[in-house]
Amino acid sequence: VGEPDLTGRHVVVSAGGTREPLDPVRFLGNRSSGKQGYALARTAAARGARVTLIAANSTLPDPAGVDVVPVGTAAHLREEVLRAAADADAVVMAAAVADFRPVTYAAGKIKKKDDQEPEPIALARNPDILAEISTGRIRPGQVIVGFAAETDDVLANGRAKLKRKGCDLLVVNEVGERKTFGSEENEAVVLGADGSETPVPHGPKEALAETVWDLVAGRLG
Ligand code: C5P
């Protein structure tokens with residue numbers, strides 16, 4: 001456990017993956033386990049912060065001393081992030097937010113009809129929460145951190161994304177079939193809007209979380 005350098009600070013962490021319902025039993029979702037977000041919440045609490053963890057569809061146990069807010073959809077996640085961010089010193093968006101949602105929700109289970117082709121699923125774009133809180137900046141001095149999973153040109157794509165989103169730090173990880181999702185370990189580079197580049201070698205998700213909080217604490221002064 002590091003020093004309690006986040007004492008008196010309120011930090012918000014989003015974790016897990018959103019699910020966008022098609023009908024009462026089906027959804028569009030992703031493979032995020034929530035482990036990195038939970039590691040961020042645990043380590044921030046150990047460093048003295050008051051932590052709000054906005055957890056999208058995670059089955060992980062609530063970390064001790066952390067205020068956990070369960071959410072389902074991207075719209076629900078957005079609502080809770082905006083609410084909690086209003087008095088937060090830092091916001092870390094570790095959740096995998098669905099980029100799109102089905103346009104219509106069927107109140108009853110969608111049935112397959114015997115001699116008919118399936119209907120295509122029409123999608124609408126979800127709001128980009130990270131970009132919204134970063135460009136909207138409701139609290140001066142607030143440090144905002146995003147995550148990006150990239151499969152190629154990791155650094156170049158990360159730099160472009162950092163700029164596009166307008167956040168202060170972007171944790172970029174390379175993803176592949178056996179990398180990152182559901183695993184206990186991670187490997188990343190943390191890019192700063194100030195041009196900094198902090199490599200985090202392959203290791204436990206806690207280690208990456210500690211590096212994120214080191215960089216956040218440095219920017220909070
Ligand atoms: O654009 P991309 O999905 O790669 O960006 C990932 C980052 O943006 C993550 O920090 C994620 O939590 C955030 N995000 C968001 N709202 C979305 C999509 C992604 O806040 N609709």
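A residue counts as buried here if 20 or more other C-beta atoms lie within 10 Å of its own. The model is predicted.

**Exercise 1.** Find which residues of α2 are buried, and on which side of the helix they lie.

*Solution.* Step 1: applying the cut-off to α2 gives A74, L77, R78, V81, A84 and A85 as its buried residues. Step 2: these residues cover an arc of only 140 degrees around the axis, so they lie on the same side of α2.

**Exercise 2.** Check the length of helix α2 against its number of residues.

*Solution.* Step 1: α2 runs over residues 74-85, which is twelve residues.

**Exercise 3.** Determine which strands stand at the edges of the open sheet.

*Solution.* Step 1: write the order of the eight strands, β5-β4-β1-β6-β9-β10-β11-β12; their pairing is mixed. Step 2: β5 (67-71) and β12 (197-204) each have a single partner strand, so they are the edges, and one side of each has no neighbour in the sheet. Step 3: for the pair β1 (residues 10-16) and β6 (residues 90-93), the sense is parallel, with four bridges. S14 is opposite M93 in β6.

**Exercise 4.** Describe the shell around the ligand by class and by element.

*Solution.* Step 1: the shell has eight nonpolar, two polar and two charged residues. Among the surrounding residues are A74, M93, D99 and F147. Step 2: α3 (129-136) and β9 (143-150) each supply at least two shell residues. Step 3: β9 gives the most, with three residues.

Terms used. Residues numbered from 1 in each chain as written. Predicted model: local features only at pLDDT ≥ 70, side-chain atom pairs only at ≥ 80, totals over all residues. Near = placed C-beta within 6 Å. Nonpolar A, V, L, I, M, F, W, Y, C, P; charged D, E, K, R; others polar. Expected span 1.5 Å × (residues − 1). Buried ≥ 20, exposed ≤ 12 C-beta atoms within 10 Å, placed from the backbone. Arc of directions from axis to C-beta. Pairing = 2+ DSSP bridges.
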